[in-house]
Amino acid sequence: QVQLTESGGGLVQAGGSLTLSCAASGRIFSIDALGWFRQAPGKEREFVAGITYGSSTIYYTDTVKGRFTISRDNAKNTVYLQMNSLKAEETAVYYCAACRKNDPAGPYSYWGQGTQVTVSS
């Protein structure tokens, strides 16, 4: 099994920045691409960003392009999500996910427990 543990969530004002981290442990040799998803209250979980093992391919959902940056440190088995210019509507639980394929489009097989991000207006 693979365990994913997110950290870095919290309360931030609109326009502010926050960086999320997600550490992978367990059978990490079985995973390649890593990604971030979010789920706002009353809404479905949505894809935010994904990155291949070598960071050569990165996908973002359109609404975060230019403001969010996904990166990874394979030596630390950690993926990051740098979020700038945050908006109130981006208040959500943010989830880290891991894919068995080296394709940031997924499908994602492993999920973290989520970290709350609250953006105040």
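This is a predicted model: local features need pLDDT of at least 70, side-chain atom pairs count only at pLDDT 80 or more; totals for chains, interfaces and linings use all residues.

Biologist: Understood. How many disulfides does a search of the whole structure find?

Modeller: The search finds 1 disulfide. It joins Cys22 to Cys96, with an S to S distance of 2.1 Å.

Biologist: Where in the chain do Cys22 and Cys96 lie?

Modeller: Cys22 belongs to strand 3 (residues 18-26), and Cys96 belongs to strand 9 (residues 92-99). The two are 74 residues apart, and the pair links distant parts of the chain.

Biologist: Is the link of Cys22 and Cys96 left-handed or right-handed?

Modeller: The link is left-handed, with -80° about the S-S bond.

Biologist: And is Cys22 buried or exposed?

Modeller: Cys22 counts as buried because its relative accessibility is 2%, which is under the 20% cut-off. Cys96 is likewise buried, at 0%.

Biologist: What about Cys99, which is in no disulfide: how far away is the nearest cysteine sulfur?

Modeller: The nearest cysteine sulfur is that of Cys96, and it is 12 Å away.

Biologist: Let us change topic. How many salt bridges are there?

Modeller: The count comes to 4 salt bridges. One of them is between the side chains of Arg38 and Glu46, at 2.6 Å from N to O.

Biologist: Which other residue does Arg38 form a salt bridge with?

Modeller: Arg38 also forms a salt bridge with Glu90, where the closest N and O atoms are 3.3 Å apart. That pair links distant parts of the chain, 52 residues apart. Arg38 is in strand 4 (residues 34-39), whereas Glu90 is in the loop between strand 8 (78-83) and strand 9.

Biologist: Which residues do the salt bridges that share partners join into one network?

Modeller: The network consists of Arg38, Glu46, Arg67 and Glu90.

Biologist: And which residue does Lys65 meet in a salt bridge?

Modeller: The side chain of Lys65 meets that of Asp62, at 3.0 Å from N to O. Asp62 is exposed, with a relative accessible area of 60%.

Biologist: Now the pockets. What is the volume of the largest pocket?

Modeller: The largest pocket has a volume of about 200 Å³. Its lining is made up of 13 residues. Those nearest the centre are Arg38, Lys43, Glu46, Glu89 and Glu90. Arg38, Glu46 and Glu90 also belong to the salt-bridge network.

Biologist: How does the lining of the largest pocket divide into nonpolar, polar and charged residues?

Modeller: There are 8 charged residues, 3 polar and 2 nonpolar in the lining.

Biologist: One last point. Where is Ala105?

Modeller: Ala105 sits in the loop between strand 9 and strand 10 (108-111). Ala105 counts as exposed because its relative accessible area is 55%, over the 50% cut-off.

Biologist: And how far apart are Ala105 and Tyr60 in space?

Modeller: They are 9.8 Å apart, C-alpha to C-alpha. In sequence, Ala105 and Tyr60 are 45 residues apart.

Key
Residues are numbered from 1 along each chain as its sequence is written. Side-chain values use heavy atoms; hydrogens and water are left out. On a 1 Å grid over the protein atoms alone, a cavity is a set of points where a 1.4 Å probe fits but cannot get out, and a pocket is an open set with protein on both sides within 12 Å along at least five of seven lines; lining residues have an atom within 4 Å of a point. Grid points are joined across faces, edges and corners, and a volume is the space filled by probe spheres set on the points. Ala, Val, Leu, Ile, Met, Phe, Trp, Tyr, Cys and Pro count as nonpolar, Asp, Glu, Lys and Arg as charged, and the others, Gly among them, as polar. A disulfide is a pair of cysteine sulfur atoms within 2.5 Å. Helices (H or I, at least four residues) and strands (E, at least two) are DSSP runs, numbered from the N terminus. Buried means under 20% relative accessible area, exposed over 50%, partly exposed in between (1.4 Å probe, protein chains only).
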